[in-house]
Amino acid sequence: MTAVLEASGLGKKYGRRWALRECTLAVPAGRVVGLVGPNGAGKTTLLHLAVGLLAPTSGTIAVFGGRPADGSTQLGRVGFVAQDAPVYARLTIADHLRAGAWLNPGWDSALANGRIEQLGLDPRQRAGSLSGGQRAQLALTLAIAKRPELLILDEPIASLDPLARREFLQDLMEIVAEYGVSVVLSSHLIADLERVCDYLVVLVASRVQLAGDVGALLASHHRLSGLRRDPSTLPANQEVIEARHTDKQSTLLVRTEAPVLDPAWIVKPVSLEDLVLAYMRRPGGTERTRRSALGVVS
Amino acid sequence: MIRFAWLQFRMQAAVALAALAVVAVALAVTGPHVAHLYDVSGIATCQARGNCGPLISSFQSKLDAEKIDQFLYFLGIGAMFVVPAIIGMFWGAPLVTRELETGSFRLAWTQGVTRTRWLAVKLGVVGLGAMATAGLFSLMLTWWSSPIDTAAGLKTGNSISFIRLGLVQFATRGITPIGYAAFAFTLGVTTGVLIRRTIPAMAATLAAFTFIQIVMPLWIRPHLISPAHRTVALTTANISGLAEFGNSSLTVMPPASANPAGAWILSTQTIDNAGHVFNAATISACRDSNFRACGAGLGRLHLTDLITYQPASRFWAFQWYETAIFLALAVILTGVCCWRIRRRIS
């Protein structure tokens with residue numbers, strides 16, 4: 001397993017506030033990685049560090065083993081669609097494609113033109129007059145036509161309507177299948193990520209709370225329900241992520257690699273959404289931070 | 001990257017070309033007439049015959065009668081002052097700031113071109129466009145006004161003249177407008193990068209550039225080359241008048257012929273025979289504007305006038321110095337932009 005993206009002790013400070021801190025992460029190649037977290041958790045900061053728009057305050061981040069945006073070769077290996085898919089409003093779609101060809105040595109104009117045609121867009125149309133969904137598609141086209149090995153998308157679907165959202169993700173999946181590109185995409189909408197991601201990173205309050213293969217994460221988390229019980233009496237290999245109690249009953253979300261054999265529990269699998277929400281709700285979690293997720297800029 | 005920079009600049013370049021075309025037509029239509037008035041005035045050979053004064057006065061009064069020529073002369077000077085400021089505000093300030101505001105820098109800086117190169121090429125393309133625009137404008141204006149400038153340069157006198165070394169005219173002739181344009185443009189880009197908002201950056205650019213336009217001729221240009229001096233003995237016969245500086249200081253003015261032709265007069269001081277600066281206000285007749293008694297009194301004191309000036313022959317030396325200064329400032333500002341873009345901006 002080679003890592004396309006590797007962060008170690010990565011931190012970014014704006015003034016006196018940490019937008020991201022002590023982030024250690026290794027994203028394997030060939031995956032579609034979902035980066036989830038509440039608004040302001042540091043997702044955008046992490047992605048901007050990964051594409052070299054920001055420089056870290058502490059720690060290191062490496063893309064394909066090198067510093068992000070360090071020279072045109074490095075820049076060519078990563079495709080990026082920023083939040084809200086910025087384009088040049090006064091330039092036409094054709095202008096954007098020409099500029100893409102001039103600026104990127106590996107530009108695939110057949111791919112770019114084909115995608116614009118497939119989307120039914122008029123190349124003479126100004127980018128400023130496109131709908132949000134069309135603009136996102138144009139930005140995705142620009143990012144993919146440079147033939148990157150890693151595609152980084154920051155909230156690509158947040159501003160799209162449900163139909164455009166579905167189409168965008170479908171196109172993304174086709175691109176992944178066709179070109180074998182690794183993808184990192186952020187979202188605060190877990191339901192959308194569930195369909196496309198096979199690897200998950202949960203970022204809460206500027207720290208990584210959870211990272212791993214989606215299948216493995218689902219296999220190692222269980223929802224236990226049974227008679228009310230103190231969570232501290234559980235076996236040592238069962239980490240309690242979330243606990244809820246009524247007068248008579250306890251419902252726990254536990255993480256464990258071993259099967260839960262205690263017959264007092266009714267064991268149920270968890271959905272990805274429940275899993276992520278449990279980690280997001282966790283006050284401070286394993287990192288013992290007391291920061292509120294809302295108080296941090298992204 | 002050059003083609004991409006051009007793609008974004010072509011609209012502004014088209015506007016500049018159109019404006020230059022309008023200027024070219026206006027000056028080409030009226031220029032030959034100004035040149036014709038000069039040719040028939042006989043000024044070209046007046047120095048040999050020693051009758052420049054009346055010929056120049058006659059030429060200038062004919063020009064004054066042509067309202068359109070007079071109008072274009074002053075409009076040209078005004079426009080040449082404004083052009084670099086406009087370039088700084090509308091080409092410089094938004095160059096990077098607009099990208100920061102719209103977020104399109106996130107698109108630009110993640111293409112296969114490093115952001116340093118991106119900035120360098122953009123600065124190069126638009127900066128050369130700015131210099132070419134100002135240079136062409138200045139070339140046309142210098143050609144159009146050369147008969148007027150030449151005539152004014154031959155005339156002696158201490159009145160506010162139309163010499164090309166003058167406080168106002170100098171920066172609108174020759175090559176200095178190129179330096180001003182390069183400086184104003186990079187000033188706009190730098191304030192934009194530092195302030196990061198287009199409209200305030202435009203305002204700051206205008207304020208800073210106007211300040212420099214005032215500071216340069218008043219306090220810096222006179223010292224670029226150490227000035228020349230000339231002394232003239234004052235007699236009752238040749239005193240041309242008194243000049244009042246401040247409340248209680250009266251300087252005795254030398255005859256108009258004492259001022260070198262076409263020179264930029266920096267100061268005129270009256271010196272008494274002990275070598276001290278003489279104040280004519282110490283003589284009561286002069287203070288009371290009794291000119292006959294004042295003149296007679298002054299004539300007995302063996303006063304001299306010390307004229308500090310920059311000779312007309314230094315015009316091109318000043319042009320090169322001032323251009324070099326502004327180009328050097330432009331290079332420094334470019335460095336600040338590059339450093340800022342590389343280090344700080346997200």
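**Exercise 1. Describe the largest nonpolar core of this predicted model and state which residues have the most contacts inside it.**

Solution. The largest nonpolar core holds 157 residues, and those with the most contacts inside it are A:I152, A:V202 and B:A181. Next, look for the element that supplies the largest share: helix α6 (residues 115-154) of chain B, with 14 residues. Then consider the domains of chain B: domain 1 (2-224 + 315-343) and domain 2 (228-312) each give this core at least three residues. Finally, another core lies apart from it; that one has eleven residues, including B:I239, B:L250, B:M253 and B:F278. As background, nonpolar side chains in soluble globular proteins tend to be buried together.

**Exercise 2. List the contacts of A:V202, leaving aside neighbours within four places in sequence.**

Solution. Start with A:V36 and A:G37, which are among the contacts of A:V202.

**Exercise 3. Work out whether the radius of gyration of chain A agrees with that of a compact globule.**

Solution. Chain A has 298 residues, and a compact globule with that number would have a radius of gyration near 19 Å. The value for chain A is 21 Å, which agrees. For the dimensions, the C-alpha trace spans about 65 × 40 × 35 Å along its principal axes. Chain A contains nine helices and 13 strands, and 42% of its residues count as buried. Among its contacts between residues at least 6 apart in sequence, 72% join residues at least 24 apart.

**Exercise 4. Characterise the side of chain A that touches chain B.**

Solution. Begin with the counts: 22 residues of chain A are in contact with 16 residues of chain B. On the chain A side, the elements giving two or more residues are α1 (43-51), α2 (72-77) and α3 (93-103). Of the elements, α3(A) gives the most, with four residues. Sorted by class, this side of chain A has 14 nonpolar, five polar and three charged residues. As for confidence, the predictor gives the complex an ipTM of 0.88 and a pTM of 0.90.

**Exercise 5. Describe how the two domains assigned to chain B meet.**

Solution. The assignment gives domain 1 (2-224 + 315-343) and domain 2 (228-312). Their centres, taken over C-alpha atoms, are 37 Å apart. Eleven residues of domain 1 are in contact with eleven residues of domain 2. The domain 1 side of this contact has five nonpolar, five polar and one charged residues. Chain B has a mean pLDDT of 90, with 97% of its residues at 70 or more.

**Exercise 6. Identify the buried residues of helix α8 (residues 198-220) of chain B and what they pack against.**

Solution. The buried residues are B:A201, B:M202, B:A204, B:T205 and B:F209. These buried residues of α8(B) pack against α4 (67-102) and α7 (176-195) of chain B.

**Exercise 7. Locate A:R126 and decide how exposed it is.**

Solution. A:R126 sits in the loop between α4 (109-118) and α5 (132-145) of chain A. To be buried, a residue needs 20 or more other C-beta atoms within 10 Å, and to be exposed, 12 or fewer. A:R126 has 15 such neighbours inside 10 Å, so it counts as partly exposed. Leaving aside neighbours within four places in sequence, A:R126 is in contact with A:A89, A:R90 and A:T92. By contrast, A:A26, 100 residues away along the chain, has its C-alpha atom 40 Å from that of A:R126.

Key: Residues numbered from 1 in each chain as written. Chains lettered and ligands numbered in written order. Predicted model: local features only at pLDDT ≥ 70, side-chain atom pairs only at ≥ 80, totals over all residues. Core = buried A, V, L, I, M, F, W, Y, C linked by C-beta atoms within 7 Å. Domains from an automatic or database assignment. Contact = placed C-beta atoms within 7 Å. Nonpolar A, V, L, I, M, F, W, Y, C, P; charged D, E, K, R; others polar. Rg over C-alpha atoms; globule rule 2.2 N^0.38 Å. pLDDT = per-residue confidence, 0-100.
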